[in-house]
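This report describes a predicted model.

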Protein chains: 2
Amino acid sequence: MDTAAGARLLDIAEVAEATGVAPSALRYYERLGLLAPEGRNGLRRTYRPEAVDRVALILAARASGFSLAELKELLEVAPGEVRPYLHGRIEVLDRRIEAMREARARISHALTCEHPSLLDCPTFRAGLRDLLP
Amino acid sequence: MDTAAGARLLDIAEVAEATGVAPSALRYYERLGLLAPEGRNGLRRTYRPEAVDRVALILAARASGFSLAELKELLEVAPGEVRPYLHGRIEVLDRRIEAMREARARISHALTCEHPSLLDCPTFRAGLRDLLP
DNA sequence: GTGGCACTTGAACCGGACTTCAAGTCAAGG
DNA sequence: CCTTGACTTGAAGTCCGGTTCAAGTGCCAC
């Protein structure tokens, strides 16, 4: 008998459908060592349903601004090292969020200010200066 | 006499230094139509000091998640269309900020939860499901 | 006047994240 | 048994944002 009750295996098209990720991308993730099929049916990859979660994890990593290489790195970090590593990532994320909020504020100001061209607006220009060395 | 008092022209190395952007990148921006030198001294590009602001604008756009092509698009939008366009960009930015905040929350939860592997944590997995179609 | 050196060019290359293509395989259904 | 069509492969192509290279030019200091 199987390990679990209804552990139907999925083929690549089903994983693609369930995740919204193209089969070519799933094979690409596999090449990078981020996603492994359970086995093969002939040539065809078969995936356990958990593969869908795995792909969601990849999507989450990308949404968090991890590169695929960084995600692989994270997955290979020793269990005890994960927390410090994630602390680092949170700091990166906080900086990015802050940069975005500043950008939003700049654009938002541009919407309400009087100056015809953005570069004529002292407030806008002052914001820009922060980006220079 | 000159248009303005101390309008010293800069060469590409000076603009590069003032902005922290490599000369090769400045030439690349020029190819894309994002940055134009004032003229030439022989072969050498000369820039008005405002070019530094222009580069800062490019940096700001990149920091805001605009691609260079999108920035070019923005610069070519008719003056009257700029405000609606920017409204659109603010919405994009708000969505990205929100996605980042969610990502941060996921990572932050991972730091405090008890589960040895992230994929064992129901809270974490629940967050992931939002990323699937 | 002449030489050095920072600039110029176009083309090629890079890495990331994929997609596309041609050619081949093979499990399943009629 | 044989067709079919979704899968397989590796290689090449794409887009983005540049960098690097080789070869050439010409301003400025001496």
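## Surface near DNA strand D

In this predicted model, DNA strand D is surrounded by 19 residues, of which A:A13, A:R45, B:S24, B:G42 and B:S67 are the closest. Both chains take part in this surface: from chain A, α1 (12-19), α2 (23-31) and β3 (44-47) each supply at least two residues, as do α2 (23-31) and α4 (68-76) of chain B. The largest share, 3 residues, is that of α2(B).

By class, the surface near DNA strand D consists of 10 nonpolar, 4 polar and 5 charged residues.

## Surface near DNA strand C

Around DNA strand C there are 19 residues, and the closest are A:S24, A:G42, A:S67, B:A13 and B:R45. Two or more residues each come from α2 and α4 (68-76) of chain A and from α1 (12-19), α2 and β3 (44-47) of chain B. Here α2(A) gives the largest share, with 3 residues.

The residues of the surface near DNA strand C fall into 10 nonpolar, 4 polar and 5 charged.

## Architecture of chain A

Chain A contains 6 helices and 3 strands. Along the sequence, these elements follow the order β-α-α-β-β-α-α-α-α.

The radius of gyration of chain A is 22 Å, whereas a compact globule of 133 residues would have a value near 14 Å. The C-alpha trace of chain A extends over about 70 × 35 × 25 Å along its principal axes. Of the 133 residues in chain A, 23% are buried. Among contacts in chain A with a separation of 6 or more, 49% join residues 24 or more positions apart.

## Confidence of the prediction

The mean pLDDT of chain A is 88, and 95% of the residues score at least 70. Among the elements of chain A, α2(A) has the highest mean pLDDT (98), while helix α6 (residues 122-129) has the lowest (86). The element with that highest mean, α2(A), is also the one that gives the largest share of the surface near DNA strand C.

Which residues of chain A have a pLDDT that stays under 50? They are residues 1-5 of chain A, for which the model has 1 contact beyond four places in sequence. Where pLDDT is low, predicted coordinates should not be read in detail.

Key
Residues numbered from 1 in each chain as written. Chains lettered and ligands numbered in written order. Predicted model: local features only at pLDDT ≥ 70, side-chain atom pairs only at ≥ 80, totals over all residues. Near = placed C-beta within 6 Å. Helix = DSSP H or I, 4+ residues; strand = E, 2+ residues; numbered from the N terminus. Nonpolar A, V, L, I, M, F, W, Y, C, P; charged D, E, K, R; others polar. Rg over C-alpha atoms; globule rule 2.2 N^0.38 Å. Buried ≥ 20, exposed ≤ 12 C-beta atoms within 10 Å, placed from the backbone. Contact = placed C-beta atoms within 7 Å. pLDDT = per-residue confidence, 0-100.
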